[in-house]
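Dear colleague,

I am handing over the structure below, and I would be glad if you kept it open while you read my notes on it.

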Amino acid sequence: MPQAQIIDGKAIAESVRQEITNRAAKLLETSGKRPGLAVVLVGEDPASQVYVRNKDRAAEACGFHSVKHTLGAETSEADVLALVEQLNNDPEIHGILVQLPLPGHIDESKVLRLIRPEKDVDGFHPVNVGLLTAGERDSALVPCTPAGSLVLLKRTLGDTLSGKNAVVIGRSNIVGKPMASLLLQESCTVTIAHSRTRDLPDVVRAADIVVAAVGRPEMIKGDWIKPGATVIDVGINRIPAPELGEGKNRLVGDVAFNEAVDHAGAITPVPGGVGPMTIAMLMVNTLTAARRLLGLPDEEPLF
Ligand SMILES: Nc1nc2c(c(=O)[nH]1)N[C@@H](CN(C=O)c1ccc(C(=O)N[C@@H](CCC(=O)O)C(=O)O)cc1)CN2
């Protein structure tokens, strides 16, 4: 079996960001408006700090108005809610994103539900979840990681995913469930597998498309992958890597990449696969939200 095609998420994300930069420039030219993104970080989680910095930089590179709010870990829930309310009412801000996870004393769901659905560029508000689940993807704001995963699938397999057997491993609100809704709308036959699924290897062996989002390092083994299947690895796990030096870590996905590459037809690497797409799709959602709030029609969808 020849080795799989490695899906270059970094390059595809760059092409999406370029398209958004061009579209934002046209918006500025015709309306004098820039899409405005506000990212809220509560606490000092080092990975979240990196993601928020990258989102802010990506927004600036696309020509957006970008604002970063960094709040201490002890910030009260009431203060976070007050900031969200302020951003809801700010006409310069079209997209609001609260970086997850939030510190334990803050009710995540309460915060996410307060964001105006029209500004919910993460697609986590129940209104956007409902639209996506009801099959009205094009009216919703779609969560960035699943949307990015679908772009990678379409750039790899072409636009027609219809009839393919897809297995999504993981049932989170952020990735697993919206990913399954997106694939269902593409007319895939979708199975959602999770920690209680029986005979997981055999369930995965039946899939033409595997989306792994369990958060367990290299759990999906190479011989579970049907020959020629397309594998999208959403996992980002840091594991100890003594070979790199004492106390060093390396990043791995949820799929045992070195094994799976000999079975799959195409596979995303970690890093450099789905991760960069998450940020690119945030730019897509922010531009979409801005156009809708400005009363302009949607543009050609990118997925
Ligand atoms: N409000 C949100 N919070 C979180 C989300 C989200 O979509 N919205 N997703 C994740 C984290 N995340 C974005 O916030 C994210 C994760 C990873 C990457 C990425 O580019 N990863 C790189 C590797 C980077 C590294 O070295 O750590 C890659 O895979 O190549 C971007 C964004 C949880 N929180």
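Which residue in E7 does Val-168 stand opposite? Please bear in mind that the model is predicted; in it, the residue that faces Val-168 from E7 is Val-211. This contact belongs to a pairing in which E5 and strand E7 (residues 209-212) run in the parallel sense, joined over four bridges.

Strand E5, which covers residues 165-169, is mostly covered, since four of its five residues are buried. E5 is also joined by five bridges to strand E6 (residues 189-193), and these two strands run parallel, with Ala-166 having Val-190 as its bridge partner in E6. Together with helix H7 (residues 176-185), E5 and E6 make up a right-handed β-α-β unit.

An unreviewed UniProt entry lists residues 143-292 as "domain: Tetrahydrofolate dehydrogenase/cyclohydrolase NAD(P)-binding", and over this range the chain is 35% helix and 19% strand, with 17 Å between the end C-alpha atoms.

The ligand is surrounded by 18 residues, of which the closest are Tyr-51, Leu-100, Pro-271, Gly-275 and Thr-278. Two or more residues of this shell come from each of helix H2 (46-61), strand E4 (95-98), helix H6 (144-157) and helix H10 (274-293), and H10 gives the most, with four residues. By class, the shell holds 12 nonpolar, five polar and one charged residues. Because domain 1 (31-121) and domain 2 (144-275) both give residues to the shell, the ligand lies between them.

With best wishes

Conventions. Residues numbered from 1 in each chain as written. Predicted model: local features only at pLDDT ≥ 70, side-chain atom pairs only at ≥ 80, totals over all residues. UniProt positions renumbered as here; feature names shortened; annotations may be inferred. Near = placed C-beta within 6 Å. Nonpolar A, V, L, I, M, F, W, Y, C, P; charged D, E, K, R; others polar. Domains from an automatic or database assignment. Buried ≥ 20, exposed ≤ 12 C-beta atoms within 10 Å, placed from the backbone. Pairing = 2+ DSSP bridges. Right-handed = clockwise from strand over helix to strand, strands pointing away.
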